[in-house]
Amino acid sequence: MKLPRNFFSTVMTLAAVAILLAALPSAVRDTLETGRIYLFSQQFLDELPQRFSGPGRFRFILQPLIAVVLGWRGGLADVRAGRPPYLYGLLMSGEHRRELMRTGLTAVRNLIAMGIVLDALAQLLIYGQVHPGAALVIGPVLICLPYAVARALTNRISRMIHRPPMEH
């Protein structure tokens, strides 16, 4: 039996949503009991360094690296399609914005879902609980920023290298 092409994407996205929904009641209870939101608390800032040394630290290398590779592929595709550099197009090019957003989200959807799942698992291993807000922020930041920068730089560099010579 052959699985549909986007089966993995769907499963990964559903896993991320399920984890966030399962963690939500304890996060709400924590907020009501402490009067603070974990993501905006001193505790979050104090615990942040533990994420780099504990279980799951390899993802701080792997996820951005994969995002850079996907950004490189996206930047080359943008050049071939005649689209502007990614970040510039998102911010300044109304005619290309929707297409750039769609291709960007399609490329990093699995990585974002994996980032959320991995951050939630790391939190569970390190802290014994999952803070859904932190998983929603930490995981995607590890992916979206390197992806967007790599895609934009690849487009710019490719255009500079393949620019036709100026006529005199």
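Let's start at Leu-145, which is exposed, with a relative accessible area of 57%; the cut-offs here are over 50% for exposed, under 20% for buried and partly exposed in between, with a 1.4 Å probe and protein chains only. Leu-145 sits in helix α6. Before going further, a word on provenance: this is a predicted model, in which local features need pLDDT of at least 70 and side-chain atom pairs count only at pLDDT 80 or more, while totals for chains, interfaces and linings use all residues. Residues are numbered from 1 along each chain as its sequence is written, and side-chain values use heavy atoms, with hydrogens and water left out.

Together with Leu-87, Val-149, Leu-153, Ile-157 and Ile-161, Leu-145 makes a nonpolar surface patch of about 540 Å². Patch members need over 30% relative accessible area and no salt bridge; nonpolar side chains (Val, Leu, Ile, Met, Phe, Trp, Tyr) are joined within 5 Å, and like charges within 9 Å. Areas come from the Shrake-Rupley method with a 1.4 Å probe, and for residues only the protein chains shown count as cover. Helix α6 (residues 132-161) supplies the largest share of the patch, five residues.

Now zoom out. The protein has six helices and zero strands, where helices (H or I, at least four residues) and strands (E, at least two) are DSSP runs numbered from the N terminus. The C-alpha trace spans about 70 × 45 × 30 Å along its principal axes. Of the 168 residues, 39% are buried, and the accessible surface comes to about 10700 Å², with 69% of that belonging to carbon and sulfur atoms. As for contacts (heavy atoms within 4.5 Å), among those between residues at least 6 apart in sequence, 74% join residues at least 24 apart.

Buried residues in α3 include Phe-60, Leu-70, Gly-71, Gly-74, Gly-75 and Asp-78. The buried residues of this helix pack against α2 (42-53), α4 (86-92), α5 and α6.

Thr-154 is found in helix α6 and is buried, with a relative accessible area of 12%. Leaving out residues up to four places away in sequence, Thr-154 touches Gly-71, Trp-72, Gly-75 and Leu-76.

Next, the charges. The structure holds five salt bridges, each being a side-chain nitrogen of Lys or Arg within 4 Å of a carboxyl oxygen of Asp or Glu. One of them joins the side chains of Arg-151 and Asp-78, at 2.6 Å from N to O. Arg-151 lies in helix α6 and Asp-78 in helix α3, so the pair ties together parts that are 73 residues apart in sequence. Both Arg-151 and Asp-78 are buried.

Another salt bridge brings together the side chains of Arg-83 and Glu-99, at 3.5 Å from N to O. Since Arg-83 lies in the loop between α3 and α4 and Glu-99 in helix α5, the pair ties together parts that are 16 residues apart in sequence. Arg-83 counts as buried at 11% relative accessibility, whereas Glu-99 is partly exposed at 28%. Glu-99 also forms a salt bridge with Arg-102, the closest N and O atoms being 2.9 Å apart. Those two both lie in helix α5, three residues apart, about one turn of the helix. Put together, Asp-78, Arg-83, Glu-99, Arg-102 and Arg-151 are linked in a network of salt bridges.

Stay on helix α5 (residues 94-127) for Arg-109, which is partly exposed, with a relative accessible area of 36%. Arg-109 and Ser-9 are 100 residues apart in sequence and 7.4 Å apart in space, C-alpha to C-alpha. Not counting residues up to four places away in sequence, Arg-109 touches Asn-6, Ser-9, Thr-10 and Thr-13.

Last stop: the rings. The structure holds one aromatic pair. Tyr-38 and Phe-44 form it edge-to-face, 5.6 Å centre to centre with 85 degrees between the planes. Rings of Phe, Tyr and Trp (its six-membered ring) pair if their centres lie within 6.5 Å, with planes under 30 degrees apart counting as stacked, over 60 as edge-to-face and the rest as tilted. Both Tyr-38 and Phe-44 are buried.
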